[in-house]
Amino acid sequence: MVRAPARVPGPVSAPRLLGVFAHPDDETFCAGGTLARYAAQGCEAMVVSATRGEAGQIRDATRATRRTLGRVRERELEAACAALGVRHVRCLDYHDGTLADVDRAELTAAVLGAMAGFSPDVVITFGDDGAYGHPDHVAMSQATTEAFFRATTDLDGAPARLYHSHFPRSRLLLADRLAHWLVELNARFKGGDNFGQALSLFAEETTTMRYASDFIDVSWFPPGLTIVEQGEPASSLYLVLSGQVDVVREENDGAHQWLARLGPGEFFGELAIAHGGARTANVVAVDAVTCLVLSPSAPTAFAGRGTDARYLGASAHETGDGPTVTATTVIDVSGYVDRKVSALAAHRTQFPIDHGMFPQSMLREMFGREYFVRVHPPVEPESDLLPLSG
């Protein structure tokens, strides 16, 4: 038997939940709501990150340089875990981007050591696909799964359950939810200086993790181009990142009525859904314009224009494809979405977002449930990881 190191102190009767991931911020996307829920119910939680994320993006240069990023992201991980109620955080000493090259026995032994030191009842890690094929994620899934089964024979007080995080493809469209939110505001919305960047990053990450199904693009339009035409079917939502556009309505007699000039931080496009599903005016680039474009699907190479246009691309809601949900365990974390978003915001170098930047109804719909596959022991569908009340 492996002699376990001194157990991390905590309430004697408290169940213990261990999350093992590759990078800071994985814990929040994979299981942030679940960690927050069980921590609030008295569970002792710990997060282990194999790396400090030093090969990640630097999306706020005021906070880190390439030389300091690893140390900064470790502190961000600690802040995110504090927001979730996770009391124990540990970073291993592996380099970001290299986990697939680390000797598997060594990596497994490192994870097993973390299990021995914490004595968890439940272990969570990535699924076999690493969420979206990331080699570091896949390596941690394999190493953690192997360490779990070694622990069942080699450790006193071995963990009883192993879960893989699971990301079923959502049919939620950010463009649709944002458009309805903008209409409900009953006022012209203009995001602040950081809103465009924040929404771009948020949309990219949430679609990568399959929380939403929009097609995301950043498009450039030259001066004078009609970006959307009056009367066309409404499908995409545009956020102006730079430049300006004019909104002009063509009347039945051929006269043109100028309605508005929009600039950075302002939306146009799918807002027309509130007025019958067709665009109610032309939107024309005044100067060179760059937009974040959220669409239900990728445009075809032969898309037409105008009121009778065809081949605009099938809506994600019309295709009927997508994998069958195979989760065994669906956790209702709707009461902990605020904590999850606060934890995301704590990873400031990666996600320079503010807690109140996006509509709460959209965030609850997107993040209100977290999905897992119970690897051991096999189980019928369930709605809890641990037998806790609430």
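**Entry 1**

I looked up A131 and placed it in helix α4, residues 130-133. I take helices as DSSP runs of H or I with at least four residues, strands as E runs with at least two, both numbered from the N terminus. The model is predicted, so I use local features only at pLDDT of at least 70 and side-chain atom pairs only at pLDDT 80 or more, while totals for chains, interfaces and linings use all residues. I number residues from 1 along each chain as its sequence is written, and side-chain values use heavy atoms, with hydrogens and water left out.

A131 is not a glycine, yet its phi is positive, about 75°. Most residues other than glycine have a negative phi, and most peptide bonds are trans. I then checked burial: A131 has a relative accessible area of 3% and is buried. My cut-offs are under 20% relative accessible area for buried, over 50% for exposed, and partly exposed in between, with a 1.4 Å probe and protein chains only.

S119 also carries a positive phi, about 50°, and is not a glycine. I found S119 in the loop between α3 (104-118) and β4 (122-125). S119 is buried at a relative accessible area of 14%.

Next I looked at the peptide bond between H376 and P377. That bond is cis, with omega about -10°. P377 sits in the segment after β15 (369-376).

**Entry 2: helix α6**

Which residues of helix α6 are buried? In α6, residues 174-184, I list L174, A175, L178, A179, W181 and L182. Looking down the axis of α6, I see these buried residues within an arc of 165°, so they line one face of the helix. The arc is that of the directions from the helix axis to the C-beta atoms. An α-helix has 3.6 residues a turn, so residues three or four places apart point the same way.

I then asked what covers the buried residues of α6. The cover includes two helices I noted, α7 (195-208) and α10 (360-367). It also includes the strands β8 (237-242), β11 (267-269) and β13 (289-295). Contact here means heavy atoms within 4.5 Å.

**Entry 3: salt bridges**

How many salt bridges does the structure hold? I have 14. The rule is a side-chain nitrogen of Lys or Arg within 4 Å of a carboxyl oxygen of Asp or Glu. Side chains of opposite charge can pair when their charged atoms come close.

I picked out R52 with E74, whose closest N and O atoms are 3.0 Å apart. This pair links distant parts of the chain, 22 residues apart: R52 is in the loop between β2 (44-51) and α2 (69-84), and E74 is in helix α2. R52 is partly exposed at 24% relative accessibility. E74 is partly exposed too, at 22%.

D60 pairs with R63, the closest N and O atoms being 3.3 Å apart. D60 is buried, with a relative accessible area of 16%, whereas R63 is partly exposed at 46%.

D154 and R150 meet in a salt bridge at 3.6 Å, N to O. They are four residues apart in helix α5 (residues 135-154), so about one helical turn separates them. D154 is partly exposed at 23%, and R150 is partly exposed at 31%. I also noted a network: salt bridges that share partners join R52, E74 and D93.

**Entry 4: G70**

G70 lies in helix α2. I checked its burial: G70 is buried at 9% relative accessibility. Leaving out residues up to four places away in sequence, G70 touches R52 and E54. I also looked up G70 and D96, which are 26 residues apart along the chain, with C-alpha atoms separated by 9.0 Å.

**Entry 5: cavity**

On a 1 Å grid over the protein atoms alone, a cavity is a set of points where a 1.4 Å probe fits but cannot get out, and lining residues have an atom within 4 Å of a point. Grid points are joined across faces, edges and corners, and the volume is the space filled by probe spheres set on the points.

The largest cavity holds about 30 Å³ of space. What lines the largest cavity? I find F29, L201, F202, E205, L344, F351 and I353. Helix α7 gives the largest share of the lining, three residues. By class, I read six nonpolar, no polar and one charged. I count Ala, Val, Leu, Ile, Met, Phe, Trp, Tyr, Cys and Pro as nonpolar, Asp, Glu, Lys and Arg as charged, and the others, Gly among them, as polar.

Notes:
1 Å grid on protein atoms, 1.4 Å probe; cavity = no way out; pocket = protein on both sides within 12 Å on 5 of 7 lines; lining within 4 Å.
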